[in-house]
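Colleague: I have a few questions about this model. Can we take them one at a time?

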Amino acid sequence: MNAKILETENVTVSFDGFKALNQLNFSMDVGELRVVIGPNGAGKTTFLDVITGKVQPTVGRVLFKGRNLRSLPEYKIARLGIGRKFQTPRIYLNLTPRENLEITINKKKNVFSTLFEHSNTVEKNNVKGLLETIGLTAKADIRAALLSHGEKQRLEIGMLVAQSPDLLLVDEPVAGLTDEETYNIGELLLALAQSHSILVIEHDMEFVRQIAKKVTVLHEGSVLCEGNFEEVQNDSRVIEVYLGKQEE
Ligand SMILES: Nc1ncnc2c1ncn2[C@@H]1O[C@H](COP(=O)(O)OP(=O)(O)OP(=O)(O)O)[C@@H](O)[C@H]1O
């Protein structure tokens, strides 16, 4: 059996009696790229919240590399190796992409020492490699405010990777992006998936088709079905509650 990076066992999250997650059982292997889809209100964001410790399960357990995360505060869970990228980029707009990455790699130093002290060769090479991975070498030294929305998303994914998490949680990375930018983000995630475990939440089915190996469909706080892209796309229950209601 493959080692599990993440498992949830019967996780229920109740908000005033309403079950945003309802006995959710989920697991993913170390090294897997998993995409989670589902209609509005299915519980996708709550699912990420319960993994990162922002929300505690009312019932059930969340296990990260076999360890129960119950009662751990968010910062401790992050330190254990779970990194989350939110929908809107959270980058320093007045700094360059290179500086944004340097600051993230040097989390223990403060912003000023990172900017004004010379970084060592290893750090410089790490930043150089990351800039190449996220396709921002040519724009490494302009203000991040001047980047396109897609480039900002790629920079933030680079900052997430710079923290060396074991599990990357990526929430709707292509919302509001052009087709070309969407494709670039897909290729970036596929490249990162060669050396990381990644859980992506997304609505854009073309993007899901591009990156997905295994897809989990959430509905009313539980897993409705799981399978490869074609299996999920052709599942009558998924068509009824989700795909049939999408525009196109
Ligand atoms: N703090 C809260 N208090 C009360 N209800 C909540 C809270 N957070 C989420 N919910 C409800 O739980 C359900 C699941 O919400 P969630 O945001 O996880 O869904 P989602 O799948 O991410 O939806 P979307 O695709 O619209 O982002 C929704 O009906 C939502 O209104």
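Modeller: One definition to start: a helix here is a DSSP run of H or I with at least four residues, numbered from the N terminus. Keep in mind that the model is predicted.

Colleague: Which residue with positive phi follows H6?
Modeller: H6 covers residues 149-162. The residue that follows with a positive phi, near 50°, is Ser164.

Colleague: How far apart are the end C-alpha atoms of helix H6, and why does that agree with its residue count?
Modeller: H6 has 14 residues. The expected span is 1.5 Å times one less than that number. That gives 20 Å, so the model agrees, with the end C-alpha atoms apart by 20 Å.

Colleague: Is H6 mostly covered or exposed, and how many of its residues are buried?
Modeller: A residue is buried if 20 or more other C-beta atoms lie within 10 Å of its own. Those that pass in H6 include Lys152, Arg154 and Glu156, along with Leu155, Ile157 and Leu160. H6 is mostly covered, and the count of buried residues is twelve of its 14.

Colleague: Which helix gives the largest share of the side of domain 1 that touches domain 2?
Modeller: Twelve residues of domain 1 are in contact with 13 of domain 2. The domain 1 side divides into eight nonpolar, three polar and one charged. Six residues come from the helix with the largest share, H7 (residues 179-192).

Colleague: Which element gives the largest share of the shell around the ligand?
Modeller: The shell includes Phe15, Phe18, Ala20, Asn40, Lys44, Thr45 and Thr46. S2 and helix H1 (44-52) each give two or more residues to it. With three residues, the largest share is from H1.

Colleague: Which residues of H1 are buried, and what follows the helix with positive phi?
Modeller: The buried residues are Lys44, Thr46, Phe47, Leu48, Val50 and Ile51. After H1 comes a residue with phi near 90°, Gly53.

Colleague: Is Leu199 buried or exposed, and why?
Modeller: Leu199 lies in strand S8 (residues 197-201). Beyond four places in sequence, Leu199 is in contact with Met28, Arg34, Val36, Leu167 and Leu169. The cut-off is 20 or more C-beta atoms within 10 Å. Leu199 has 24 such neighbours, so Leu199 counts as buried.

Colleague: What separates the C-alpha atoms of Leu199 and Leu48?
Modeller: Leu48 is one of the buried residues of H1. Along the chain, Leu199 and Leu48 are 151 residues apart. Their C-alpha atoms are separated by 9.3 Å.

Colleague: Last one: what share of the contacts with a separation of 6 or more joins residues 24 or more positions apart?
Modeller: The chain has ten helices and ten strands, and 38% of its 248 residues are buried. The share of those contacts is 66%.

Conventions: Residues are numbered from 1 along each chain as its sequence is written. This is a predicted model: local features need pLDDT of at least 70, side-chain atom pairs count only at pLDDT 80 or more; totals for chains, interfaces and linings use all residues. Two residues are in contact if their C-beta atoms, placed from the backbone, lie within 7 Å. Ala, Val, Leu, Ile, Met, Phe, Trp, Tyr, Cys and Pro count as nonpolar, Asp, Glu, Lys and Arg as charged, and the others, Gly among them, as polar. A residue is near a molecule or strand if its C-beta atom, placed from the backbone, lies within 6 Å of it.
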